[in-house]
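Please look through the sequence and the 3D structure shown here before reading the notes that follow.

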Amino acid sequence: LSDHLGKITLLFFGYTYCPDVCPTTLAELKLVMSNLGEKADQVQVLFISVDPKRDTSESMQEYVERFDSSFLGLGGTEEELAPIWAEYGIFREIVEGK
């Protein structure tokens, strides 16, 4: 976050295999950024993975760039991400299924 001091930072936690909420929210954030016009330079969207087994930093960035090239996608190992999830009170649950 220190890389974005002076900006409003919008954190969104999700995953690239999310079928509905994640793409819808990212599309809404793109619309927000578009409506901000020149003020969009003062805002940074960060999409942080809750699925490190499938999401890499590269796949996260590729995913968010489909919505807006200024968005940042962040991945990592479970060990790297767990303190961030804890700091923000993020609950995640892995549901086995097809």
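Helices (H or I, at least four residues) and strands (E, at least two) are DSSP runs, numbered from the N terminus. This is a predicted model, in which local features need pLDDT of at least 70 and side-chain atom pairs count only at pLDDT 80 or more, while totals for chains, interfaces and linings use all residues. Residues are numbered from 1 along each chain as its sequence is written, and side-chain values use heavy atoms, with hydrogens and water left out.

**The loop residue G75**

- G75 lies in the loop between β3 and α3, and its C-alpha is 6.2 Å from that of D55, although the two residues are 20 apart in sequence.
- Leaving aside residues up to four places away in sequence, G75 touches S49, T56, S57, M60 and L81, where contact means heavy atoms within 4.5 Å.

- Helix α2, which spans residues 57–65, has M60, Q61, Y63 and V64 as its buried residues; buried means under 20% relative accessible area, exposed over 50%, and partly exposed in between, with a 1.4 Å probe and protein chains only.
- An α-helix has 3.6 residues a turn, so residues three or four places apart point the same way.
- The exposed residues E58 and E62 sit on the face of α2 that is turned away from its buried side.
- The buried residues of α2 pack against α1 (21–36), β2 (43–49) and β3 (72–74).

**Cysteines**

- The structure holds zero disulfides, a disulfide being counted here as a pair of cysteine sulfur atoms within 2.5 Å.
- C18 is buried, with a relative accessible area of 8%, and C22 also counts as buried, at 4% relative accessibility.

**Salt bridges**

- There are two salt bridges in the structure, each defined as a side-chain nitrogen of Lys or Arg within 4 Å of a carboxyl oxygen of Asp or Glu.
- One of them joins the side chains of D51 and R54, with 2.7 Å from N to O; D51 is buried at 13% relative accessible area, whereas R54 is partly exposed at 44%.
- R92 forms a salt bridge with E78, and the closest N and O atoms of this pair are 3.2 Å apart.
- That pair links distant parts of the chain, with R92 in the segment after α3 and E78 in helix α3, 14 residues apart.
- Both partners count as partly exposed, R92 at 24% relative accessibility and E78 at 33%.

- L1, I84 and Y88 make a nonpolar surface patch of about 280 Å²; accessible areas come from the Shrake-Rupley method with a 1.4 Å probe, and for residues only the protein chains shown count as cover.
- Patches are made of residues with over 30% relative accessible area and no salt bridge, where like charges are joined within 9 Å and nonpolar side chains (Val, Leu, Ile, Met, Phe, Trp, Tyr) within 5 Å.
- Y88 is found in the segment after α3 (78–87), and at 40% relative accessibility Y88 counts as partly exposed.
- E96 is also placed in the segment after α3 and is exposed, with a relative accessible area of 72%.
- From C-alpha to C-alpha, E96 and S2 are 36 Å apart in space, and 94 residues separate them in sequence.
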